[in-house]
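Hello,

Here is the structure I promised to pass on to you. Have a look at it first, and then read my notes below.

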Amino acid sequence: MEFKEAAGTRRSIRFFRPWQPVEREKIQKIFEAANRSSRSMNADYAKAIVVRRSELPAETIDALRNPTTTASLDLAPVYIFWYLDMDYPNGGADRLKELVENHVLTPSHGWSKAYVDEFLWPQVLKPIADNQMATMFMGTIEVGQAIANALLAAVDEGLGTCLHAFTAADKVKDMFHVPDSWIPIWLQLLGYPAEEAAAGGQRPRRPLSANFFEGSADKPFEEDAEVTESLKRDKLIQDPGPFPHREMEVKMISRMFGLPE
Amino acid sequence: MSQIDEDVDGQDSFEDLSSESIVKFESVAKWLNSVGAGKDISAMDEQIKLIVEFCNFVRFTPDELILKCIRTLKDGTRAISTKGRNQTEEFIKSFVTSRGKTGNEGIIEENKVRGFFVHNGIFMQGRAAIL
């Protein structure tokens, strides 16, 4: 799948085929995509634990349930617990100097090992590392970038996926031996969709002019109609929902799984 | 008398509801309209009967049951009550158990009752019935 189509096809999928396992190779590809995400300091912000529902004891799944996340846990065959590792600043100076050695951070842009050791680390990065709020602010953004890659990789592999609020964090911490420095971010559910991949059509979005600007914040970015048409051909922009059959599709799938209609 | 009389604060003055009387309640009208059956109640006969039996079991009216899931904050805004929703979950499970429904049959019936709460804005999820 081309990038534009993957980005355009991504939806939050909430109905999975519980009977169809996800191949381990696909999970590796998803993790690799996440591992290639943009990140400052070349740090390892994101940590993730993948577990398969079929391998979990019933009492473990029950421990994860709450009034708002229950059906999803029964339907998705794979759970990925995403965390921010608050220890990510550790080793930051060494990683930056490695990038200097590898001619990634170069003198042309002001970088040197001396700058990292004598100024950047003690004056900028160390104070951030010592400030929990700043560490968390930076970290959640960078984990978000990793998760965004993981979502698109899942779509590229023909899977459905959806992020859920991370509940029962204390129970998960004990069950999966999560280190104290990891902070829960999102629970990503993964599986083959029981609904069609289009999931009723592309979600409504406001036009580019509502959110993007050119030159100043009071000058909305105006779309070029030809570009818009080319993006439709490339499937970044797809038919909007709801499809005429969507209501019936949801009703039928809900009935199949005995869920409220 | 229901089997959970001693466990919950059911109203002594509660009078059993019927399929005819229950549709007069605001929460029932809201549910039926939301589910799309507002114009043809007969299509919902089975579900209405189930909610009648649920209300008679827990001895609360449908409007009271919805109110139990809502709390009013200091600034006057309304929020879902975790305590109320948890109690509702217990009500639902007790009700379905009392009818001898277990396994997938029980899950399906629990979710039918949950639908009434869901369409009244009370976010809740039950298990999925998977063979």
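**Where the two chains meet**

The contact between the chains is made by 17 residues from chain B and 18 residues from chain A. Please keep in mind as you read that this is a predicted model. Together, chain B and chain A bury about 1,300 Å², and 55% of that area is on carbon and sulfur atoms. On the side of chain B, the residues that lose the most area to chain A are Gln125(B), Arg127(B) and Ile130(B), which together account for 39% of what that side buries.

By class, the side of chain B that touches chain A holds eight nonpolar, six polar and three charged residues.

**Salt bridges**

Side chains of opposite charge can pair when their charged atoms come close. Over all chains, the count is 25 salt bridges. One of them joins Glu157(A) to Lys29(A), with 3.8 Å between the closest N and O atoms. This pair links distant parts of the chain, 128 residues apart: Glu157(A) is in the loop between α7 (132-156) and β3 (160-164) of chain A, while Lys29(A) is in helix α2 (residues 24-35). Is Glu157(A) buried or exposed? Glu157(A) counts as buried because its relative accessibility is 17%, under the cut-off of 20%. Lys29(A), at 40%, counts as partly exposed.

Another salt bridge pairs Arg246(A) with Glu195(A), the closest N and O atoms being 2.9 Å apart. Arg246(A) is in helix α11 (residues 246-256) of chain A and Glu195(A) is in the loop between β4 (182-191) and α9 (208-211) of chain A, so this pair ties together parts that are 51 residues apart in sequence. Both Arg246(A) and Glu195(A) are buried.

Glu32(A) and Arg36(A) also form a salt bridge, with their closest N and O atoms 2.9 Å apart. Here Glu32(A) is partly exposed, at 36%, and Arg36(A) is exposed, at 64%. In chain B, you can look for a network of salt bridges that links Lys49(B), Glu53(B), Arg99(B), Lys101(B) and Glu109(B).

**Aromatic rings**

There are 13 aromatic pairs over all chains. In one of them, Trp111(A) and Tyr115(A) are edge-to-face, 5.6 Å centre to centre and with 80° between the planes. Trp111(A) is partly exposed, at 21% relative accessibility, and Tyr115(A) is partly exposed too, at 30%.

In chain B, the ring centres of Phe54(B) and Phe117(B) are 6.1 Å apart and the planes lie at 85°, so this pair is edge-to-face. Phe54(B) belongs to helix α3 (residues 45-58) and Phe117(B) to helix α6 (residues 103-118), so the pair ties together parts of chain B that are 63 residues apart in sequence. Phe54(B) is buried, at 0% relative accessibility, and Phe117(B) is buried at 0% as well.

Enjoy exploring!

Note on methods. Residues numbered from 1 in each chain as written. Chains lettered and ligands numbered in written order. Predicted model: local features only at pLDDT ≥ 70, side-chain atom pairs only at ≥ 80, totals over all residues. Heavy atoms only, no water. Phe/Tyr/Trp six-rings, centres within 6.5 Å; stacked < 30°, edge-to-face > 60°. Buried < 20%, exposed > 50% of the residue type's maximum accessible area, 1.4 Å probe, protein only. Helix = DSSP H or I, 4+ residues; strand = E, 2+ residues; numbered from the N terminus. Salt bridge = Lys/Arg side-chain N within 4 Å of Asp/Glu carboxyl O. Contact = heavy atoms within 4.5 Å. Buried area = accessible area lost by both parts, 1.4 Å probe. Nonpolar A, V, L, I, M, F, W, Y, C, P; charged D, E, K, R; others polar.
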